[in-house]
Amino acid sequence: MNIALFGYGKMGRMIETVAIARGHKIVAKVDVDTKTIDFSKMDVAIDFSMPTAAYGNIRSCLENGVPIISGTTGWLEKYEDAVALCEEKKGAFIYASNFSLGVNVFFELNAHLAKMMKELTQYAVSMEEIHHTQKLDAPSGTAITLAEGIMAHTSYTGWKLGDAEKQELPIKSKRVGTVPGTHTVDYSSPVDSIEIKHTAHNREGFALGAVVAAEWILGKTGVFAMKDVLGL
């Protein structure tokens, strides 16, 4: 499979390593200084660029008939535009706030726990996410996805970074050293607490999930999620 990388930072280089190890070829490395892009050589594109570049990359790929996997966060005000363009062009597109296979299982576990806790109103929910100091957005896209999973099954009407109102889910964001990503969801009552947690040990899990998604999307048409890739 011929893969184009949009964004060639730490994640882009890790994806390159994983993709080559799985027998694929990197045919383009598109970054801020790239002047021309040959879409004809690409079977699929993987975007881990900047929030300001992500939608443009997605649009260019869909307009040129290239399936695209996007793991860039911080651009989702344009997500519905990307969906509409994908449908118009009969393209293929996957966005995920986190491509880690383990995190996507964690998303499902989080939603299932929220369903079970819905009527137990004595428990207050809070969340903490920890990432490396170079991460630009806060809270993380993963934390927002977790919050949405909780809100879909409880009376919480929104989330807030830091102190929150009664019906808002509080999220604490920390930026520490080179931490790849740790997410904790806590349900606390006056008598006990229930906690679920996912800890990434390195970036390789994110890269592997993106490559697995790229392998899966070939030959397909539509807008998908990692839930589809993993059959969850």
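Author: The model is a predicted one, in which local features need pLDDT of at least 70 and side-chain atom pairs count only at pLDDT 80 or more, while totals for chains, interfaces and linings use all residues. Residues are numbered from 1 along each chain as its sequence is written, and side-chain values use heavy atoms, with hydrogens and water left out.

Reader: Why are α2 and α3 called roughly parallel to each other?

Author: Axes are lines fitted to C-alpha atoms, for helices over the stretch in contact, and angles run from 0 to 180 degrees between N-to-C directions. The axes of α2 (residues 51-63) and α3 (residues 79-89) come within 10 Å and cross at roughly 5 degrees. Angles under 35 degrees count as roughly parallel, over 145 as roughly antiparallel, 65 to 115 as roughly perpendicular and the rest as oblique; α2 and α3 are therefore roughly parallel.

Reader: Which residues of α2 and α3 make the contact?

Author: With contact defined as heavy atoms within 4.5 Å, α2 contributes Tyr55, Ile58, Arg59, Leu62 and Glu63, and α3 contributes Asp81, Ala82, Leu85, Cys86 and Lys89.

Reader: What makes β7 and β10 the edge strands?

Author: Two strands pair if DSSP finds at least two bridges between them. The open sheet of 5 strands has the order β7-β8-β6-β9-β10, with mixed pairing; β7 and β10 (193-199) each pair on one side only. From one strand to the next, the twist averages 20 degrees.

Reader: How do you know that β6 and β8 pair?

Author: DSSP bridges decide the matter: β6 and β8 share 5 of them, in the parallel sense. Met127 has Ile171 in β8 as its bridge partner.

Reader: What makes the residues of α5 listed as buried count as such?

Author: Buried means under 20% relative accessible area, exposed over 50%, and partly exposed in between (1.4 Å probe, protein chains only). In α5 (residues 141-151), the buried residues are Gly141, Thr142, Ala143, Leu146, Ala147, Gly149 and Ile150. These buried residues pack against α4, β6, β7, β8 and β9.

Reader: What is meant by a nonpolar core, and which residues touch the most other members of the largest one?

Author: A nonpolar core is a set of buried Ala, Val, Leu, Ile, Met, Phe, Trp, Tyr and Cys residues joined through side-chain atoms within 4.5 Å. The largest has 27 residues, of which Ile15, Ile46, Ile69, Ile94 and Phe99 touch the most other members. With 8 residues, α6 gives the most to this core. A second, separate core of 20 residues includes Leu85, Cys86, Phe93 and Tyr95.

Technical notes
Helices (H or I, at least four residues) and strands (E, at least two) are DSSP runs, numbered from the N terminus.
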